[in-house]
Amino acid sequence: MIIDSHQHFWRKTYEEVDHSPGSKSHSYLPEHLEPILHEHSINKTIAVQASPTLEENEFLLHIARTRKEVIGVVGWVELDDPQAIQTLATYKNPHLVGIRPMIQDLPSEWLLKDTVLLNLNKLADERIPIDLQANPRHLPVILELLEKMPHIHCVIDHIAKPPIDTGQMEPWASHMRKIAEYPNTVCKVSGLVPEKVGASWTTKRIFPYVKLVLDIFGPKRVMFGSDWPVCLKSASYPEVIQLFEDTVTSQLSVSEREDVYCNNAKRFYRLEDSL
């Protein structure tokens, strides 16, 4: 079994001025993704929120209820709201498997606000998975969060978007090594290609970053994610799969391949009873 642990759905918005592939000027819905999954023998996906609204949760949960290939939803709630946990409690839906605050668009220190910490601690106590949409600037703050809350279960999305285009490894690499020391952290090898139409990329340039992630987290704490349809700005779905094969699974045993393609996502998002 293969689980794509990170993909999105959305309906086109007429306000969007970017009409390129992977933009919100196009709709990307289950009927668009399903033939691609079938062609590449991908069994299940986890749909991750792409908009910080409660309406997004309803949109994705409806998809999960009606599409057998969508096994889980990583939703959103305003963690800087004292009522966040009560809001989450209104979703009595087994498909809601995690929460993602959109920290990419927030100040780095937002994660350490008192209300956010209080809510994250409650989620950590309940072992609710948290996706962290990190850039390198967030990593020192994530380390502070982990020091305060080592029991939080979190995944670093897109290997924290290191500066692959420049080849610079530090300080990203040092921060990621420290994060990997916390056993409840995992990492999605996803979002590796540029989010810019027609941008050039090569497996050779990306490989050192993925190798470091695989070395420090190990095959039991790394997941495959396509980041479809965002990836379409510079790569097709088949190219993303091939990139993962070339940088990750070509180095692994059969059992380790099963871990990165399926078992790790099942464990992290607690999907064992759903498959």
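**Helix packing, cavities and pockets in a predicted model**

In this predicted model, helix α5 passes helix α6 in a left-handed crossing. The axes of α5, which spans residues 139–148, and α6 come within 10 Å and cross at roughly 15°. Because angles under 35 degrees count as roughly parallel, α5 is described as roughly parallel to α6. On the side of α5, the contact is made by Leu 139, Pro 140, Ile 142, Leu 143 and Leu 146, and these residues meet Trp 172, His 175, Met 176, Lys 178 and Ile 179 of α6. Sorted by class, the contact of α5 with α6 comprises eight nonpolar residues, one polar residue and one charged residue.

Helix α6 (residues 172–180) also packs against helix α7 (residues 203–217), at an angle of about 25° and with the two axes 9 Å apart. That angle makes α6 roughly parallel to α7, and the crossing of α6 and α7 is right-handed. From α6, the residues in this contact are Trp 172, Ala 173, Met 176, Arg 177, Ile 179 and Ala 180, while α7 contributes Tyr 209, Leu 212, Val 213, Ile 216 and Phe 217. The contact of α6 with α7 has 10 nonpolar residues and one charged residue, with no polar residue among them.

Empty space within the structure was examined next. Rolling a probe the size of a water molecule over the atoms shows where such space is left. The structure holds one cavity of 30 Å³ or more, and the volume of the largest cavity is about 80 Å³. Its lining is formed by Val 189, Ser 190, Gly 191, Leu 192, Val 193, Phe 224, Gly 225, Ser 226, Cys 231, Val 240, Leu 243 and Phe 244. Helix α8, which covers residues 237–247, gives the most to this lining, with three residues. By class, the lining of the largest cavity has eight nonpolar and four polar residues, and no charged residues.

Open pockets were considered as well. The largest pocket holds about 460 Å³ of space and is lined by 26 residues, of which Ala 50, Met 102, Gln 104, Asp 105 and Gln 133 lie nearest its centre. The lining of the largest pocket divides into 11 nonpolar, six polar and nine charged residues. The second largest pocket has a volume of about 320 Å³, and of the 16 residues that line it, Asn 93, Leu 96, Val 97, Ile 128 and Arg 270 lie nearest its centre. Both α3 (84–89) and β4 (96–99) supply at least two residues of this second lining, to which β4 gives the most, with four residues. Here the classes are 12 nonpolar, two polar and two charged residues.

Finally, some features of the backbone were noted in loops. The peptide bond from Glu 170 to Pro 171 is cis, with omega near 5°, and Pro 171 lies in the loop between β6 (154–156) and α6. Another cis peptide bond joins Trp 228 and Pro 229, with omega of about 5°, and Pro 229 is placed in the loop between β8 (222–224) and α8. Ser 41, although it is not a glycine, has a positive phi of about 55°, and this serine is found in the loop between α1 (30–39) and β2 (44–48).

How values were computed: Residues are numbered from 1 along each chain as its sequence is written. This is a predicted model: local features need pLDDT of at least 70, side-chain atom pairs count only at pLDDT 80 or more; totals for chains, interfaces and linings use all residues. Side-chain values use heavy atoms; hydrogens and water are left out. On a 1 Å grid over the protein atoms alone, a cavity is a set of points where a 1.4 Å probe fits but cannot get out, and a pocket is an open set with protein on both sides within 12 Å along at least five of seven lines; lining residues have an atom within 4 Å of a point. Grid points are joined across faces, edges and corners, and a volume is the space filled by probe spheres set on the points. Ala, Val, Leu, Ile, Met, Phe, Trp, Tyr, Cys and Pro count as nonpolar, Asp, Glu, Lys and Arg as charged, and the others, Gly among them, as polar. Axes are lines fitted to C-alpha atoms, for helices over the stretch in contact, and angles run from 0 to 180 degrees between N-to-C directions. Angles under 35 degrees count as roughly parallel, over 145 as roughly antiparallel, 65 to 115 as roughly perpendicular and the rest as oblique. A crossing is left-handed if the near helix is turned anticlockwise from the far one by less than a right angle, and right-handed if clockwise. Contact means heavy atoms within 4.5 Å.
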